[in-house]
Amino acid sequence: MAQALDIATWDLECEFNNTDHRTELNGMDRLIVRRGQPFSIKLKLRYGEYQAGLSSLTCIAETGPSPSDQYGTRAVFDVDAGSDNPSAWSATVTSPPGNVVALSICPAADAPIGRWTLTLAGSCRIDFILLFNPWCSGDSVYMDNEEYLKEYVLSQDGIIYRGTLEQILPFPWNFGQFEYGILDVCLKILDTNPKYLRNPGKDCSGRRNPIYVSRVLSAMVNCNGDAGVVLGRWPALDKLSSDNPYDGGESPMSWKGSVDILLNWDSSSCSPVRYGQCWVFAAVACSVSRALGIPCRVVTNYISAHDTNRNLLIEYFYDENGRNHGRDMIWTFHCWVENWMTRPDLKPEYDGWQVVDPTPQEKSEGVYCCGPVSVKAVKEGELATKYDAPFVFAEVNADKVDYIRQADGSNKKMTSFTGVGQKISTKSVGNDRREDITHLYKYPEGSEEERETFRKADHLNKLLHRQESQGLKLAIEVATEKRKGCDFDVIAVASNSTTSEKKCRLLFSSMAVSYTGVVKDNCGFKDLLNVELPPGGERRVPLRLNYSKYCDALTEDNLIRLAALLVDHSTKETIFTLRDIVLDNPEIKVRILGEPKQNRKLAAEITVQNPLPEPLSNCCFSIEGANLTGGKTIKERLESTVEPGEDAKVKIYFKPNHSGLRKLVVDFNSSKLCHVKGYKNVIIGK
C-alpha cells in the first residue's frame with residue numbers, strides 16, 4: 001500500500017513561476033499562473049522521502065464558494081497518475097527520491113479562471129490565481145504570434161483614436177493592467193456581476209469560457225443595471241446644463257488611464273466612477289481583458305451609426321440650420337474592443353477577433369451589453385450570429401437617408417451621401433502608428449462580395465439608395481490652419497456640371513457639436529438666396545469662423561459641424577453635405593531630464609504654449625504611466641496665469657520601478673484650454 005506523504009513546509013517559487021507564466025509585473029509575493037501550463041512547487045517532508053510507486057500524494061484544486069466536480073470548479077488528481085487530456089489537471093514529481101519533492105502542477109487548459117486553492121495530502125493549502133493563457137495551444141484564447149501577444153496582452157499602454165474622419169487624433173492611454181491591486185479589482189468585478197450573485201457556482205464554471213467572461217465584462221464595465229465600474233454621461237445627449245455638466249465627478253476627457261478608475265471603483269464599495277464616454281468604457285474593458293489574459297485591442301469606428309429600430313436605416317430630419325430632429329444617431333466616432341478567442345458555438349471561420357462593446361447603448365438579452373460577435377461574421381452579413389450581430393453590422397454598414405423639413409412641416413428627401421463605418425482604426429503592433437482594419441469589417445464598396453453581404457443581411461436598400469446628383473455638386477473645404485484660438489475660413493463649393501445655367505439658394509452654417517452628433521450653438525451662418533452657377537462653373541462661398549463666436553460654444557470635443565444646403569430653384573432638387581472639423585490643440589512638449597533607470601528619480605519638463613488670445617488660469621499639468629508613477633497620477637499646478645503666446649512650463653518628478661519601454665501620458669488643463677493630451681515614450685534601463 002502506497003505511503004501518504006507528510007508535508008512540513010512548501011515553497012511556491014513565485015519569482016520563477018510568475019516570470020515563466022509572464023505575470024511577474026503583478027508582483028512576486030503570490031502565485032499567479034496561467035492555465036494549461038505547468039508551475040512548480042517544492043515540498044519539504046517532515047520525515048521519510050518520496051519514492052515513485054511507493055508514495056502517494058492526492059491533490060484537490062477548488063475555486064468558487066461551492067466547488068463542484070459537475071461544474072468543473074473542483075478537480076481531484078493524484079501525482080504521477082498520467083494524463084494526456086488537456087482538459088484534466090495533472091501533477092508530476094520532477095526531483096529524485098529524497099525529503100524535498102519538486103512537484104510540477106499543470107492546470108487544465110479549460111479550467112475556470114479566478115482564485116483557486118490547491119490542497120495537497122489533506123494538509124498543505126496553497127492559494128493561487130489562475131488566468132487565461134494565450135500562449136497555450138489548448139486554451140481557447142490561444143494566439144500564435146509573439147509580437148501580437150506582447151501588444152495585446154502584455155503592453156500596459158497604447159493609443160486610442162478620436163477626432164474626425166479627416167483628422168484622426170491619437171489619444172494616449174495607460175491601461176496599467178499589471179499595476180499593484182488591479183488584478184484583484186478585475187477579479188472583484190467578476191464576483192460582483194449579477195450572474196455570480198444569482199448562482200455563484202454556475203458563474204464560476206462559466207469563467208472557463210472567454211465568450212462568457214467577455215459578455216460579463218461588457219455588462220460590468222458600465223453600471224447600467226448592475227454595480228458596474230463606470231457611469232456614462234453625455235451632456236449633449238442628456239440635455240444637461242453646460243455650466244457644470246460633470247458635477248460630482250470627472251470629465252471623461254480628464255482620464256489618462258484605467259488605473260485610477262478601477263481603484264476608485266474598488267475603494268468606493270463598488271460605487272460607479274463618474275464619468276465615462278465610449279473610449280473610457282473601451283479602455284477599461286481592454287485593461288480588464290488583458291489582466292485576465294484575453295488578447296484585446298481598442299478599436300475606433302468613424303461615422304458610427306446607432307440604429308435604434310434595427311432597420312439598418314439611419315434617417316436624419318434636418319431643419320435649414322442643419323439640426324437633426326430624428327431619433328437615430330451617427331457618432332463622429334465610436335470605440336469598442338476586440339477580444340481574441342475561438343468560437344466553438346459558431347463556424348470555425350468565425351474564430352479570432354470578436355467585437356465587445358461595453359458602452360451602454362441598447363439592451364442585449366435584457367442587459368446593457370454587446371457582444372462578443374465575430375468580426376468575420378459582421379463582414380459576411382451573418383446577422384443571426386451570436387451575440388448582437390445586427391447592432392454591430394449597423395454601426396459599420398447602416399444606410400443614411402437625409403430629409404429637409406419644409407416650412408409646411410413636410411419632409412423632402414435630399415441628395416447626399418454619408419459613408420457609415422470608415423477608417424476603422426487600432427494601434428499597430430509594436431509601434432504608435434495607426435492601423436486601418438476596415439477591410440476586416442467590410443468588403444470594398446461596390447464589390448460583388450459587398451453585394452452578397454448586403455443580400456444576406458437583407459440590406460439591399462443601401463445599394464438602391466446609392467445615388468448622386470448628376471448636375472449639381474456641393475463640397476466643403478477647410479483651411480489648413482484651424483488652430484483653436486485663431487480665426488479661419490471654411491468654404492462651400494457649389495458646382496454645376498450641366499449645360500444650362502442654374503440659379504440656387506445656398507445655406508451655409510457652422511455649429512458646435514459633440515462627438516455623438518448633437519449640435520449646440522451656432523458659430524456662423526450664411527443664407528444666399530440667388531447663387532448663379534453657369535454651365536461647368538462653380539461658386540466658392542467663404543464663411544469666417546471667429547474665435548470670439550465659437551470659443552464659448554465648443555464642447556470638450558473641439559468639434560464644429562459645417563452644413564451646406566443647395567436648392568435648385570427650377571427643379572427644387574436639394575443637395576446637402578456635412579463635414580465635421582476638429583480644432584487643433586497646441587502640442588505638449590515633454591523632455592526627460594536625467595538618465596532613465598529603474599528606481600532612479602527622474603524629471604519630466606513639460607511645456608505647452610497658450611494659443612488663445614486670452615490668458616489661461618487654473619493651469620494644471622498631470623502625468624501617469626505604467627511602472628513609471630507608482631500607479632498614481634502626479635499633478636503640478638501653476639500659481640500664475642499664462643498670457644497669450646506665453647509658455648506654461650513645469651517640472652514633475654517620478655521614479656520608474658521597472659525597466660523597458662514605457663509611455664508617460666501627460667494632460668494639461670486650464671480655464672479655457674481643456675485636457676490637452678501628450679505623451680513621451682521612455683526606455684527605462686536596469
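## Aromatic rings

Trp-279 is buried, and Phe-333 is buried as well. In this predicted model, the ring centres of Trp-279 and Phe-333 lie 6.3 Å apart with their planes at 45°, so the pair is classed as tilted. Because Trp-279 belongs to helix α9 (residues 278-292) and Phe-333 to strand β18 (residues 329-341), this pair ties together parts of the chain that are 54 residues apart in sequence.

Trp-331 and Tyr-515 form another pair, with ring centres 5.4 Å apart and planes at 75°, and since an angle over 60 degrees counts as edge-to-face, that is the description given to these two rings. Trp-331 lies in strand β18, whereas Tyr-515 sits in the loop between β27 (502-513) and β28 (519-533), so the parts that they tie together are 184 residues apart in sequence. Both of these residues, Trp-331 and Tyr-515, are buried. Ring pairs also link residues into a cluster, whose members include Trp-279, Phe-333, Trp-331 and Tyr-515, together with Phe-171, Trp-173, Trp-234, Phe-281 and Tyr-302. The count of aromatic pairs comes to 23.

## Two crossing helices

A pair of packed helices is described by the angle between their axes and by the distance between those axes. Here the axes of helix α3 (residues 182-192) and helix α6 (residues 210-220) come within 10 Å and cross at roughly 90°, and α3 and α6 are therefore roughly perpendicular to each other.

Where the two helices meet, α3 contributes Ile-189, Leu-190 and Thr-192, while α6 contributes Val-213, Val-216, Leu-217 and Met-220. Of the residues in this contact, six are nonpolar and one is polar, and none is charged.

## An enclosed helix

Helix α11 (residues 389-397) has eight of its nine residues buried, so α11 is largely enclosed by the rest of the structure. The buried residues of α11 are Ala-389, Phe-391, Val-392, Phe-393, Ala-394, Glu-395, Val-396 and Asn-397.

## An open sheet

Five strands, in the order β3-β11-β10-β6-β7, form an open sheet in which the pairing is mixed. β3 (31-34) and β7 (74-78) stand at the edges, and because each has a single partner strand, one side of each is left without a neighbour in the sheet. From one strand to the next, the twist averages 30°.

Strand β6 (residues 58-63) and β7 run antiparallel and are joined by five bridges. Glu-62 stands opposite Arg-74, a residue of β7.

Notes:
Residues are numbered from 1 along each chain as its sequence is written. This is a predicted model: local features need pLDDT of at least 70, side-chain atom pairs count only at pLDDT 80 or more; totals for chains, interfaces and linings use all residues. Side-chain values use heavy atoms; hydrogens and water are left out. Buried means under 20% relative accessible area, exposed over 50%, partly exposed in between (1.4 Å probe, protein chains only). Helices (H or I, at least four residues) and strands (E, at least two) are DSSP runs, numbered from the N terminus. Axes are lines fitted to C-alpha atoms, for helices over the stretch in contact, and angles run from 0 to 180 degrees between N-to-C directions. Angles under 35 degrees count as roughly parallel, over 145 as roughly antiparallel, 65 to 115 as roughly perpendicular and the rest as oblique. Contact means heavy atoms within 4.5 Å. Ala, Val, Leu, Ile, Met, Phe, Trp, Tyr, Cys and Pro count as nonpolar, Asp, Glu, Lys and Arg as charged, and the others, Gly among them, as polar. Two strands pair if DSSP finds at least two bridges between them. Rings of Phe, Tyr and Trp (its six-membered ring) pair if their centres lie within 6.5 Å; planes under 30 degrees apart count as stacked, over 60 as edge-to-face and the rest as tilted.
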